[in-house]
Structure formats: C-alpha cells, structure tokens
Amino acid sequence: MGQFPITRTTAPKQKPADDSLAFGKVMTDHMFLMNYEEGKGWFNPRIEPYGPLSLDPATSVLHYGQAIFDGLKAFRGEDGRIRLFRADRHAQRFDRSARIMCMPSLPVDVIRASFDALVAVDADWVPRKAGTSLYLRPTIIATDVMLGVHPAHSYLYFLILSPVGSYYREGVKPVRILASDSHVRAVRGGTGEAKTAANYAQSLAGQQDAAAAGYTQVLYLDGVERRYLDEVGTMNIMVRIGDEVITPPLAGTILDGVTRASTIQLMRDWGLTVTERPIAIEEVMAAGRDGTLREMWGTGTAAVVSPVGTLGYKGEDVLINGGETGELTQRLYDAIVGIQYGRTNDPHGWTSVVPLAA
C-alpha cells in the first residue's frame with residue numbers, strides 16, 4: 001500500500017524524559033485510523049492528530065465486546081535506526097484474532113504498512129535510553145449503532161503509540177505466582193487464543209485474588225480438569241524440569257505468543273529439548289519438591305521473559321532456583337533484547353528497520 005494521507009498536529013506535546021517513562025501512560029502526537037463498512041470493505045486510511053474517539057452510546061462494542069488488539073514494540077538501536085520486532089507475525093496474529101471474533105479480515109500488508117507509517121511520523125517519540133521502547137497498540141472495534149447481538153457491519157481500526165520505560169528498572173527480578181483452580185481463563189472452543197478485550201476483563205478477578213494472597217501473578221489451569229498449566233497472567237508459561245523445557249501446546253485456549261515462539265526457536269537453535277505438551281500442576285509441584293524444577297518463566301511482549309522464583313498451589317509454596325533468576329532465563333532475555341536493539345546477530349530476520357523520510 002502506498003502513502004497514507006497525513007494531517008499533522010498543530011499542537012505537539014511535550015515529550016517525557018526517558019527516565020520518567022512508565023507503561024502506557026503517555027501517547028504520541030498522532031494515530032492511524034481506517035474504517036470498514038460491509039459491502040465496501042476497508043477504506044479511508046489516514047494519520048491524524050491523536051485525540052478522543054466519538055462513539056454513540058449504542059455503539060455495539062460497548063455492549064457486546066467485539067474488540068481485538070495486539071501489542072508490539074519499536075526499538076532505537078545504538079546505530080540510530082528504529083527496528084520493529086517480529087512485526088509480520090504480530091500483524092498475522094492480529095488478523096487471526098479478527099477472524100476468531102467474526103470481524104472482517106484486514107490485509108496483513110496494510111497492518112504492516114500502518115505500523116511503519118505511524119512510527120515514521122512519530123519517530124522522535126522513540127526513546128533513546130537503553131531498555132526503553134515505543135509500544136504499538138493496533139485495535140479494531142465494532143462501530144454499529146444498534147442494540148442487537150450479531151457481528152457488526154461496520155468497524156474502526158486504529159493504531160496508537162506510547163513510549164514506555166524498561167520493564168526491569170533494577171534488573172530481571174523473579175516473581176511469586178499462585179496457581180489457581182478456582183479461576184478459569186479460557187476453554188477450548190472459546191476465545192482464549194484471540195487477543196480480545198473480554199479475555200483481559202475476565203482475568204482481573206484472578207489477578208486481584210493472587211495479589212491479595214501476596215503473589216505477583218495468577219497461573220491459570222485448564223478450564224475442564226483444572227489441572228494443566230494454561231497461562232500466567234497475560235503471559236505464556238514455560239518450565240525447565242531436568243534437561244527438558246516444557247510449555248503448554250497451542251490447542252485453542254492460549255495465545256500464540258510471539259515471544260513464546262521466539263524463545264522456543266532460540267532454545268532449539270541452542271540444542272535444548274523443548275516440548276510443547278500438557279503439563280499438570282502436580283508434576284510441576286513434585287519437581288519443585290525434589291529439586292528437578294530448575295527454572296520457570298513467563299514470556300510476553302512487555303517483559304520479554306519474567307522469571308518465577310516462587311510457585312504457590314493449595315497452600316504450599318515451592319522455591320525455584322533459590323528464588324533467583326535462572327541461567328537459561330537470563331540467556332533468553334539477553335538474546336532477544338540484543339536482537340531487538342540491533343546489538344547482536346538476527347539469524348532469523350525477526351527485526352525490520354522502519355523507513356524514515358530523508
């Protein structure tokens with residue numbers, strides 16, 4: 001797709017200092033928008049000044065939750081170039097989420113073009129300090145103005161950007177997680193593999209209960225037998241038992257995480273045994289008791305990898321690797337971050353340089 005019409009802001013915002021950045025609290029000057037109408041398709045792609053959306057109170061997304069999003073990052077390297085990490089895979093997953101939620105497919109090349117175009121317009125917003133980045137949030141919402149439960153006939157795609165600070169300001173730190181057999185994240189045949197708003201809304205109660213019990217995150221178990229590991233918070237989960245790394249399979253209930261796929265590829269490149277299979281919480285707890293549970297970590301866009309130092313289940317805690325970050329966990333984090341910032345070799349071509357105007 002060619003150039004998009006651009007209306008530049010006449011009131012640019014004050015950019016925050018890199019040291020002050022949190023996550024998702026400050027937005028850049030511009031946003032990308034595009035509309036859809038049944039029978040007409042996607043039309044009117046444009047870049048405009050960032051601002052509020054005007055929605056009728058009867059807009060269907062507000063009542064029936066037909067909304068999807070994704071999240072990826074742009075990184076400023078030491079060479080000054082801005083790189084996106086696995087943007088093609090994020091665009092493909094975004095389109096997959098749309099189809100699961102009965103939304104019209106948005107061509108992957110258009111999604112990708114919107115990423116590059118908006119980041120190029122707001123390139124000055126990409127922070128420069130090590131560990132910082134620019135977060136991209138593509139979203140589609142249903143925009144029919146009508147009360148009625150059915151797939152909508154009109155939609156809005158928009159993309160917004162937010163400069164974000166380092167997830168680990170003081171280095172990678174292990175967290176405490178609580179396996180819950182009372183809260184269910186998803187079941188096969190539902191929307192668990194889509195990045196849809198409803199999945200995140202229903203996760204709040206489990207997270208709140210885990211926090212009240214003194215844990216950082218909740219580890220969800222499968223929704224049928226309440227035995228098998230599913231996801232941890234908003235991240236995929238991995239365990240290292242003996243010499244094997246195990247992670248739940250993509251079977252319709254968990255998100256096809258981009259960082260998940262990246263870490264699996266790296267570990268296989270390094271000659272490690274990585275198995276995608278159902279793993280019961282009892283197996284993990286037993287490995288924790290006998291010392292064979294060497295490492296446990298979550299993977300996701302925000303943190304890259306988040307080491308688990310303590311796992312709780314049914315009133316029992318097991319300490320993992322002495323409560324310290326494991327060697328493999330740290331190696332994965334360093335490898336992916338090195339690729340993201342262009343500091344190390346990118347053997348699989350995961351990064352793409354954003355073309356900037358001369």
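User: What span should the 12 residues of helix 6 have, and how far apart are its end C-alpha atoms?

Analyst: At 1.5 Å a residue, helix 6 (residues 258-269) should span 16 Å, and its end C-alpha atoms are 17 Å apart, which agrees; the expected span is 1.5 Å times one less than the number of residues. This is a predicted model, where local features need pLDDT of at least 70, side-chain atom pairs count only at pLDDT 80 or more, and totals for chains, interfaces and linings use all residues. Residues are numbered from 1 along each chain as its sequence is written, and side-chain values use heavy atoms, with hydrogens and water left out.

User: Is helix 6 mostly covered or uncovered?

Analyst: Helix 6 is mostly covered, with nine of its 12 residues buried, among them R260, I264 and M267. Buried means under 20% relative accessible area, exposed over 50%, and partly exposed in between (1.4 Å probe, protein chains only). Just after helix 6, G271 takes a positive phi of about 85°.

User: Switching to the strands, how do strand 1 and strand 2 run, and how many bridges join them?

Analyst: Strand 1 (residues 30-37) and strand 2 run antiparallel and are joined by seven bridges, where pairing requires that DSSP finds at least two bridges between two strands. H30 stands opposite P49 in strand 2. The two strands form a hairpin with three residues between them, and G39 in the turn has a positive phi of about 90°.

User: And where is L53 found?

Analyst: L53 is found in the loop between strand 2 (41-49) and helix 1 (61-64), and it counts as partly exposed because its relative accessibility is 35%.

Technical notes
Helix = DSSP H or I, 4+ residues; strand = E, 2+ residues; numbered from the N terminus.
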